[in-house]
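Open the model in your viewer and keep the selection panel at hand. The stops below go one by one.

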Amino acid sequence: MENWELLAFAEDVARGAGDILRRNYGRQQKIHFKGEIDLVTEVDRESERYILGRIRETFPDHGILSEESPEHASPSPYRWIVDPLDGTTNYAHGYPCFCVSVGVERDGEMAAGAVYDPLLDEMYAATAGTGAFRNGERIGVSGISDLRKGLLATGFAYDVKLSADNNFDYFKAFVFTGQAIRRDGSAALDLCYVACGRFDGFWELKLKPWDTAAGYLILREAGGVVTRLDGSAYDIGQPDILASNGRIHGRMVEVLRNARK
Ligand code: IPD
Ligand code: CA
Ligand code: CA
């Protein structure tokens, strides 16, 4: 199967799921708590039912990893990695920052990915080796090379109140070394915003493959650099991620290293 065919399908299901999110946005949500702050709404589940239904119908032998369901393992070289609603806390509060993320691997390598923001109607998309696009137009990372001028983004994991590994030291270090920091609540969009130059860098500690799979490919294809926090090689199985326009990457690794001391 060609990458562009996989991408066309990923975009189509991400758009369909985005329609579900948009239709239900602003309505009172029935919320179920997975943890003190970790919640899931009926809309996460409806979006997931739609996406997984479409994948199973079209690619019955493919594997699927999706946030709100047990993994469907398969001997197929293809595995879909899905976040049916990234930014669910925002969504539940009516804060307009959330998306659908659909990525697909072939033999463990990201082949295609789509991240769709249904409110702004922005479709971020990439296939391996052919660049990254927003609504069909090529995107690229920012040209900022001085961290002091960089707009950065991060997030805090759901165990932030319980764990000493809570990102506060890194956050403080970047408050002093970057221009400003945003905490927008959707890791997939954070990665796409670095990809299109709205953000210059992004880091976070405890993410899951569905948060990063599509955004990671989109950012790489937009010319960005993605590593672990210590600068070593990243893959979507790793919990920590450092993503940037490349130009400020070394300096960000240094700030993180110093903050650890
Ligand atoms: C969350 C968002 C958030 C990040 C959390 C994620 P969810 O995903 O991406 O930005 O800080 O760590 O879990 O739960 O809204 O799909
Ligand atoms: Ca997520
Ligand atoms: Ca989610």
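Predicted model: local features only at pLDDT ≥ 70, side-chain atom pairs only at ≥ 80, totals over all residues.

Residues are numbered from 1 along each chain as its sequence is written, chains are lettered from A and ligands numbered from 1 in the order in which they are written, and side-chain values use heavy atoms, with hydrogens and water left out.

**Domains.** Colour 3-138 as domain 1 and 147-260 as domain 2. These bounds come from an automatic or database domain assignment. The two C-alpha centres are 21 Å apart. Contact (heavy atoms within 4.5 Å) involves 42 residues of domain 1 and 25 residues of domain 2.

**The interface.** Between them, domain 1 and domain 2 bury about 2500 Å², with 65% of it on carbon and sulfur atoms. Buried area here is the accessible area (1.4 Å probe) that two parts lose on being put together, summed over both. Now select Ile37, Met110 and Tyr124: in domain 1 they lose the most area to domain 2, together 22% of what that side buries.

How many salt bridges are counted between domain 1 and domain 2? The count is 1. The term means a side-chain nitrogen of Lys or Arg within 4 Å of a carboxyl oxygen of Asp or Glu. Show Arg198 with Glu122: they form a salt bridge, and their closest N and O atoms are 2.8 Å apart. The charged end of Arg198 also sits over the ring of Tyr193, 4.7 Å from its centre. That label needs NZ of Lys or CZ of Arg within 6 Å of the ring centre and within 35 degrees of the ring normal. Arg15 does likewise over Tyr116, at 5.1 Å from the ring centre.

**Rings.** The whole structure holds 12 aromatic pairs. Rings of Phe, Tyr and Trp (its six-membered ring) pair if their centres lie within 6.5 Å; planes under 30 degrees apart count as stacked, over 60 as edge-to-face and the rest as tilted. Select Tyr193 and Phe199: the centres are 5.6 Å apart and the planes at 50°, so this pair is tilted. Then pick Phe9, Phe59 and Trp80, which form one aromatic cluster.

**Calcium.** Finish at the calcium ion (ligand 2). Its coordinating residues are Asp83 (OD), Asp86 (OD) and Asp211 (OD), at 2.1 to 2.2 Å. Donors are N, O and S atoms within 2.8 Å of the metal (3.2 Å for Na, K and Ca); water is not among the atoms, so sites may look incomplete. Asp83 bridges this ion and the calcium ion (ligand 3), 3.7 Å apart.
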